[in-house]
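Have the structure open as you read.

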Amino acid sequence: MAQNFDPAAATAAYLAQLPPEAHAKATAYTQGGHWLLLWGALVALLAAFLLVRSGVLVRLRRRFEGRRSRPLLVSYWIGGLYIVFDGVLSLPWSVYSDWWRPKQYGLTSQAFGGWLGESAISLAIGALIGGLFFAFLYALIRKAPRTWWLWSGGLTAAFIAIGMLLAPLYIEPIFNRYTPAPAGPVRDEVVAMARQVGVPSDKIFIYDGSKQSNAYTANVSGLFGSARVAMSDTMFKKGADIAEVRGVVGHEMGHYARHHSLWIAGVMSLLAILAFFLVDRLFAPACRLLGGEQIKGLSDPAGLPVLSAVLTVLLLLATPLTNSLIRIAESDADRYSLVNFNEPDGLAKALVKTVEYRAATPGRLEEIVFYDHPAVGRRIQRAMEWKAAHPKPLMTAAPDALVRAAFKDRIVVFPNMPVGMDGIALKADGSWFERHDFGWSRGRYAIAGGRLCLDEERGSRRCYAIGGAPGGWTLAQSGGAPVAVKLDRLPATASPG
Ligand SMILES: [Zn+2]
């Protein structure tokens, strides 16, 4: 590592990979997007106003009520129908902001018909689940008219948790195909990373995200057993190399390992309590303002447009808070990736490719208010500062004979091995085995040309570049960062099974 490595200059060099026109276009897209928040809120308020004035929900509520009292069912139907009406009224706006505008900027290649079809499915799912949420919410309002807003936090938390748990199983497959990463260097690398930090290695997927968006992206979704890391195929269409995959997947594993979604869901539920408390106080004046004379108060599900209008305004005002909450988690995930996988350049290369939908160098205030990820310029700067402070272990090729002597009858132990794994056992007779979550892997190994290659009985092969550092050994997989390993003595009786 050059001693005069300058993080600021390296950051500028990464940003200069994009021509000034590309940065200008990204800024136009991003800053226009800030205004969309305001216009979107106004459209939502207009839709609420029209729905209240039309009196349609009041008439429907009277019809559903009939003779017997079935308040839970009535609020379920009204809630679901309200979501559908609102979606249909806002459709022209959604077409503009969610399809036409990204299309103008080359951020989606999806045909209008495909977009519309998926939006209709989303709306139907939203109505079914949202109806259920509102049915419970109105039940709380009826049963606990003074303290319903307090209980609503628990209700929100339950819905977020169940939604997160079920999304990868039942919702996401409706829109995209998720496949385990195919055999090859990417999967080998990702599996090795997962083992290194103790994340289940069978939870890494690639999905056809290019169907909806050209954005270079990956994400983590799900909760507990359903949690998984998913890389969009756009990553590979835009030429992601192993270092990038390591940087990006390291970031997503950070979200997973540090339970960011649980933290965010928890805080969102607390914010929901505050929001519903304010709804409780503001409902009556808002109802008068929108002209809802026939609405019988807060407990009347026909007043849902009024309740939503208040929430819309509160949500808009809370934007800097919610964005900052997510942004802090994103910074933490970057840090996790750097600490555990040390790929500052892989991360930077990937981040440059996200600039097209998130301008790289906003002002500090603009970032705090509008950015739910730290600005790319600052993220790359932090990665480069990390690089300056943490040079990769020096690799000096060691003679094969020396390595063979050092590695035979040893267990190669990686840092942060998951519970239940020991390492790769290398026997003097040229066979190897390792124990992991689902059983044993075994085969023949060879040390040659500065590389340790493991051939598995099933036919796959994985190789590590061997580095000799002062006082120890490092192994690096397919161009990844070298990891310092420990060599433990292999007991003479050790065998797989
Ligand atoms: Zn993230």
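Helices (H or I, at least four residues) and strands (E, at least two) are DSSP runs, numbered from the N terminus. By that rule, Leu289 belongs to helix 11 (residues 260-290).

## About the model

This is a predicted model, in which local features need pLDDT of at least 70 and side-chain atom pairs count only at pLDDT 80 or more, while totals for chains, interfaces and linings use all residues. Residues are numbered from 1 along each chain as its sequence is written.

## The whole chain

The protein chain contains 17 helices and twelve strands. Its C-alpha trace spans about 90 × 55 × 40 Å along the principal axes. Of the 497 residues, 33% are buried; a residue is buried if 20 or more other C-beta atoms lie within 10 Å of its own, exposed if 12 or fewer, and partly exposed in between, with C-beta atoms placed from the backbone.

Two residues are in contact if their C-beta atoms, placed from the backbone, lie within 7 Å. Among contacts with a separation of 6 or more, 68% join residues 24 or more positions apart.

## Two domains

The chain is split into domain 1 (1-174 + 251-391) and domain 2 (400-489), with bounds that come from an automatic or database domain assignment. The C-alpha centres of the two domains are 45 Å apart.

## Helix 16 and its partners

Helix 16 (residues 376-389) has 14 residues and reaches 20 Å from its first C-alpha to its last, close to the 20 Å expected at 1.5 Å a residue. That expected span is 1.5 Å times one less than the number of residues.

The buried residues of helix 16 include Val376, Ile380, Ala383 and Met384. Its buried residues pack against helix 1 (7-15), helix 13 (319-341) and helix 14 (344-352).

## Helix 10 meets helix 14

Helix 14 also meets helix 10 (residues 242-257): their axes come within 7 Å and cross at roughly 85 degrees. Axes here are lines fitted to C-alpha atoms, for helices over the stretch in contact, and angles run from 0 to 180 degrees between N-to-C directions. The two helices are therefore roughly perpendicular, a term for angles of 65 to 115 degrees.

Ala243, Glu244, Arg246, Gly247 and Val248 of helix 10 touch Asp345, Gly346, Leu347, Lys349 and Ala350 of helix 14. These residues comprise four nonpolar, two polar and four charged; Ala, Val, Leu, Ile, Met, Phe, Trp, Tyr, Cys and Pro count as nonpolar, Asp, Glu, Lys and Arg as charged, and the others, Gly among them, as polar.

## Back to Leu289

Leu289 counts as partly exposed because it has 13 C-beta neighbours inside 10 Å. Its C-alpha atom is separated by 9.4 Å from that of Val306, 17 residues apart along the chain.

Terms used. Parallel < 35°, antiparallel > 145°, perpendicular 65-115°, else oblique.
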